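My entries follow in the order in which I made them.

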Amino acid sequence: MLEVEATSVEESTEAKLLRRNKIGCKREEMYQWPEEAYEQMDSALAVQQYIQQLIRKDFSKIDEILTPPENCDEGVWKYEHLRQFCMQLNTLAVYLQSDCIPSTCSQMTSTEQWIFLCAAHKTPKECPAIDYTRHTLDGAAGLLNSNKYFPSRVTIKESSVAKLGSVCRRVYRIFSHAYYHHRSIFDNFETDTLLCRRFTIYVLKYGLMSRDNLIVPVLSEEEMEAVEKEHASLNASGTSETSQESLSNTMVSSYA
């Protein structure tokens, strides 16, 4: 009898557990709740919650963080990761603003070969690097929160997923500018987050950027090749599934 009552109390406590930070809590008191399996996350924001849980657990386990759980829509998985990258990049933007000022960084550049025009204006034009950074993150937030292109956090149309690549290319320039012009800030931020390394693996794994545009050397040649092979494998598996589905549909229609 006592065992049954104890079990009931535990189930009741778990049911009442609120996974949210209390107002006014200290930094070390944040996110102090038990981990939850993806299958048990009953929310439209389950993918975002799962990704953030993995990052808080160990941000260095990049392969684990970028591996989707079973039955997770791949488009949603890519989308939620890009949202997370943009959120974390806002922290890097804050660190940059004390050192990246218009008088010293009047253009958004990486190496001497790369000068980027800001697309936030009616006609793309040059911007101070810190303004370019703010405009790019604001533009990314506007697109990723657009009800027109991303009305759902559960399923995403392929035509909307296709827009993620252009966002990736633009936000990556923030990494490259920080690396080549504000190296100490970049290194400190990267040590604490491994965000550029994770982003580089992410865009290679899902084919969102070409290798030629990845100019921040956070991966070795061997690592780059390994991720590209993984992308090729994912593509081959996706093509095979699509072919099987197409064949199945053809067979159904021929028997209808």
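I began with helix 4 (74-96) and helix 5 (residues 129-144). Their axes come within 10 Å and cross at roughly 155°; axes here are lines fitted to C-alpha atoms, for helices over the stretch in contact, with angles from 0 to 180 degrees between N-to-C directions. Helix 4 and helix 5 are therefore roughly antiparallel (under 35 degrees is roughly parallel, over 145 roughly antiparallel, 65 to 115 roughly perpendicular, the rest oblique). The crossing of helix 4 past helix 5 is left-handed, meaning that the near helix is turned anticlockwise from the far one by less than a right angle; clockwise would be right-handed.

I then listed the residues in contact (heavy atoms within 4.5 Å). Helix 4 supplies Tyr 79, Leu 82, Arg 83, Cys 86, Leu 89, Asn 90, Ala 93 and Leu 96, and helix 5 supplies Ile 130, Thr 133, Leu 137, Ala 140 and Leu 144. By class I noted 10 nonpolar, 2 polar and 1 charged (Ala, Val, Leu, Ile, Met, Phe, Trp, Tyr, Cys and Pro count as nonpolar, Asp, Glu, Lys and Arg as charged, and the others, Gly among them, as polar).

A note on the source: this is a predicted model, where local features need pLDDT of at least 70 and side-chain atom pairs count only at pLDDT 80 or more, while totals for chains, interfaces and linings use all residues. Residues are numbered from 1 along each chain as its sequence is written, and side-chain values use heavy atoms, with hydrogens and water left out.

Next I looked up helix 5 against helix 7 (residues 164-181), whose axes come within 10 Å and cross at roughly 155°. This pair is therefore roughly antiparallel, and helix 5 passes helix 7 in a left-handed crossing. I noted 10 nonpolar, 3 polar and 2 charged residues in the contact of helix 5 with helix 7.

For the overall fold, I found 10 helices and 2 strands in the protein chain (DSSP runs numbered from the N terminus: helices are H or I, at least four residues; strands are E, at least two). From the N terminus the order is α-α-α-α-β-β-α-α-α-α-α-α. Of the 256 residues, 37% count as buried (under 20% relative accessible area; exposed is over 50%, partly exposed in between, with a 1.4 Å probe and protein chains only).

Which residues touch the most other members of the largest nonpolar core? They are Leu 82, Leu 92, Phe 175, Phe 199 and Tyr 202, in a core of 67 residues. Such a core is a set of buried Ala, Val, Leu, Ile, Met, Phe, Trp, Tyr and Cys residues joined through side-chain atoms within 4.5 Å. Helix 4 gives the most to this core, with 10 residues. I checked Tyr 202: leaving out residues up to four places away in sequence, it touches Leu 66, Lys 78, His 81, Leu 82, Phe 85, Cys 168 and Leu 208.

Last, two single residues. Ser 160 is in helix 6 (residues 158-161) and counts as buried because its relative accessibility is 2%. Asn 21 lies in the loop between helix 1 (2-16) and helix 2 and is partly exposed at 28%.
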